[in-house]
Amino acid sequence: LGPGENAQKVDLWFALDRSREPDPHDLLYADSNGDGSLADETPLKAAQTQFEPGYERAEFELAKVLLPTEDGTTAYHLNIQYYASQGQSRVYLYSACWYEGMVTVGGKTLWCAVIDADISGRFDDTSLRYDKADCIRIADQAGEPYKGQEDTTLRVLAKHVEIDGKLYPVTVAADGSSVTFAPAVEIPTGTIRVGTSPSQVCLFGPQGFFVRQVAEGAVNIPQGEYSLVQWKASRKDDKGATWTLLAMVSEAKKAPKVTVGPGKEAALDIGEPLISTVSHRRGGEETYFNQEFKGRQGEYLRITRNGELPPAPKLRIVSRDGTYDKTFSMEYG
């Protein structure tokens, strides 16, 4: 952990423990003072745990650590999640640091939050990859709840922030203490053709983070290079139910890219058909089956019906001679 790609780094030790056997891991030791020892640390109690045969999960909130910055050592906080399933363990560290306040942009007062999304100790990181940059949220109301992958108030930090259709150059202080918006600027635009499947696309590039509604199979966007973040499609069936597909790029480094010039037209190959696969693996005397939906570019897909997940698909297994014929219900997650 540490700020910047070439700045000083620090190794921090973490350890998981149990309050008692054979309960799940519910204690986290974190090297909060960076002295390389856990002997002087008080364990953090898990906020949530889940424990069942073959599966374990624990979530720890606000683990304090110290990080080196250009201005000296600064306190930082992380949310940490631990998962163990079928003999494999994983630990995820999420930034729990942000600054928020009211800003005035174009004569309008808005709520703004800057988020250290890449957990570097800085709040002004930008990158050609959206998973390596920090984030900024702009909303009409203070502290507006985050709405997950479909939240249009959250943008990846870049040169500009789009507000009410105008582009404002933005500068965030490295320590997150201030945000400055310059007067709106005009940048020549081009057209990106995405086909008739998507109704909305989300693109990121050096110019900014843009959510665009698709009209006649295309979107208009400032000139530049962009990576696909996600796209959405929505339709009604013959019973009036609304089906929504959200296609999210699983790895930013593999995201489809497109470059568009001023007054020019480019194409981004996304949309239907979707790809459904069923895979299986052996684990001891058991066989595990997994069904996946993916887009043409390998996007992870989430499909909802009237805002809720539809019933999980079923899997029918039939032997060659027909003596074995059973249908199983698959599960989400």
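My notes on sheets and hairpins follow.

Ground rules first: I'm working with a predicted model, where local features need pLDDT of at least 70, side-chain atom pairs count only at pLDDT 80 or more, and totals for chains, interfaces and linings use all residues. Residues are numbered from 1 along each chain as its sequence is written, and side-chain values use heavy atoms, with hydrogens and water left out.

**The open sheet.** I looked up the strand order and got β18-β15-β22, an open sheet of 3 strands with mixed pairing. Strands here are DSSP runs (E, at least two residues), numbered from the N terminus, and I call two of them paired if DSSP finds at least two bridges between them. β18 (218–222) and β22 (265–267) are the edge strands; each has a single partner strand, so one side of each lacks a neighbour in the sheet.

β15 (residues 189–193) runs antiparallel to β18 over 5 bridges.

β12 (residues 160–163) pairs with β13 (residues 166–172) in the antiparallel sense over 4 bridges. H160 has P169 as its bridge partner in β13. This hairpin has 2 residues between its strands, and D164 in the turn has a positive phi of about 55°.

I then moved on to β14 (residues 179–181), which pairs antiparallel with β13 over 3 bridges. V172 stands opposite V179 there. The β13 and β14 hairpin has 6 residues between the strands, and G176 takes a positive phi near 80°.
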